[in-house]
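Hello,

Here is the structure I said I would pass on. My notes follow below it.

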Amino acid sequence: TQIPSLFSLPTKTLILAKTLTTATSAAADTATEPPHIPLSFPDIQPQTHLPIEKLFVPPEVNLAGDPTLVDGARVLKGSNIVLGPYARDAQVSAADFVKSSARTEECPADGLPEFALVGRSNVGKSSLLNSLVRRKKLALTSKKPGKTQLINHFRINDSWYLVDLPGYGYASAPHELRNNWDQFTKDYFLNRQTLVSVFLLIDASIPAKKIDLEYASWLGQNQIPMTLVFTKCDKRKKKKNGGKRPEENVDDFQNLIREFFQSAPPWIMTSSVTNQGRDEILLHMAQLRNYWLKH
Ligand SMILES: Nc1nc2c(ncn2[C@@H]2O[C@H](COP(=O)(O)OP(=O)(O)OP(=O)(O)O)[C@@H](O)[C@H]2O)c(=O)[nH]1
Ligand SMILES: [Mg+2]
């Protein structure tokens, strides 16, 4: 089921991939955007600056001796993620809030695969969820940290879940509340059987924070599959934020977490303001999900 080499069949491959990723049904939610917006063809761009050991290679993709790697033709834009044969049905046509749970045992029990959005308070978890499903207010957002307090399940296309979690590292939260956060989300990560991957959100407009490094390290140590999602990539560098561009902060973070991981975790740059990375995340989720369903 390998996607044919882009070298030998450039046009056919592009058409094939486009068919696979384009929705056939109308979008159920038209509150913010008109229906029938297909996923644009994934922006695959040359990433020759990323050596093979820094790429995230999904299962059943063998890059050894693959001529497409020479010009890096199958890496999703703004990421290190190689596009594999399972990247289909990525389009969101329906998104519904299902329930809020205070404990893992209360979460939906229908066995559908899910992805959890986690990260510091205010990093943009709920905003990213809204961007992915093209709704402005499905998940509630706020300028004030601490908006999301429970495990919130959103069902996508009646076949998988996006899970919005409360943020960690909310400085003004009482100590008790912080411990509580740790307990209940860590229990969720360790015991939720249907969790395909955690999406750890990191603010790319500021330098790396210790608490984010600790979190990435904890997930790595517990072998919980993780994707790093860099948020707020639309924000310009500011002196008070260390004066670095989002790309530089992204690079720094990779270097800081290298020792926690045997192989490079997948990472992707996003913005909920410009919707940068939206289609790419959906393709990444699709290939993780479709592989998970088959195994
Ligand atoms: N410039 C910019 N601002 C963003 C982006 N994503 C989120 N924000 C802003 O950051 C603030 C927090 O966003 P939320 O989505 O509520 O953050 P959260 O991670 O869900 O926060 P908690 O629920 O409190 O943990 C809001 O003011 C958003 O408008 C982004 O990509 N770019
Ligand atoms: Mg939130």
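**What was found**

S263 counts as exposed, because it has 10 C-beta neighbours inside 10 Å, and 12 or fewer is the cut-off for that class. S263 sits in the loop that joins α5 (246–257) to β7 (267–269). Its C-alpha atom is separated by 30 Å from that of R236, a residue 27 places away along the chain.

Please keep in mind that this is a predicted model. The protein chain has a mean pLDDT of 80, with 76% of its residues at 70 or more. Over residues 1–41 the pLDDT stays under 50. Where pLDDT is low, the predicted coordinates should not be read in detail. For the complex, the predictor gives an ipTM of 0.99 and a pTM of 0.83.

The sheet is open and has seven strands, in the order β1-β3-β4-β2-β5-β6-β7, with mixed pairing. Its edge strands, β1 (95–101) and β7, each pair on one side only. On average, neighbouring strands are turned by 25° against each other, direction ignored. Within the sheet, β3 (residues 151–156) and β4 (residues 160–164) are antiparallel and share five bridges; I156 stands opposite W160 in β4.

Helix α2 (residues 125–133) packs on this sheet, and its direction makes about 150° with that of β4. Helix α5 lies across β5, β6 and β7, at about 165° to β7.

Helix α6 (residues 278–294) is largely enclosed by the rest of the structure, since 13 of its 17 residues are buried. At 1.5 Å a residue α6 should span 24 Å, which agrees with the 25 Å between its end C-alpha atoms.

Regards

Technical notes
Residues are numbered from 1 along each chain as its sequence is written. Chains are lettered from A and ligands numbered from 1 in the order in which they are written. This is a predicted model: local features need pLDDT of at least 70, side-chain atom pairs count only at pLDDT 80 or more; totals for chains, interfaces and linings use all residues. pLDDT is the predictor's confidence in each residue, from 0 to 100. Two residues are in contact if their C-beta atoms, placed from the backbone, lie within 7 Å. Helices (H or I, at least four residues) and strands (E, at least two) are DSSP runs, numbered from the N terminus. A residue is buried if 20 or more other C-beta atoms lie within 10 Å of its own, exposed if 12 or fewer, and partly exposed in between; C-beta atoms are placed from the backbone. The expected span of a helix is 1.5 Å times one less than its number of residues. Two strands pair if DSSP finds at least two bridges between them. Axes are lines fitted to C-alpha atoms, for helices over the stretch in contact, and angles run from 0 to 180 degrees between N-to-C directions.
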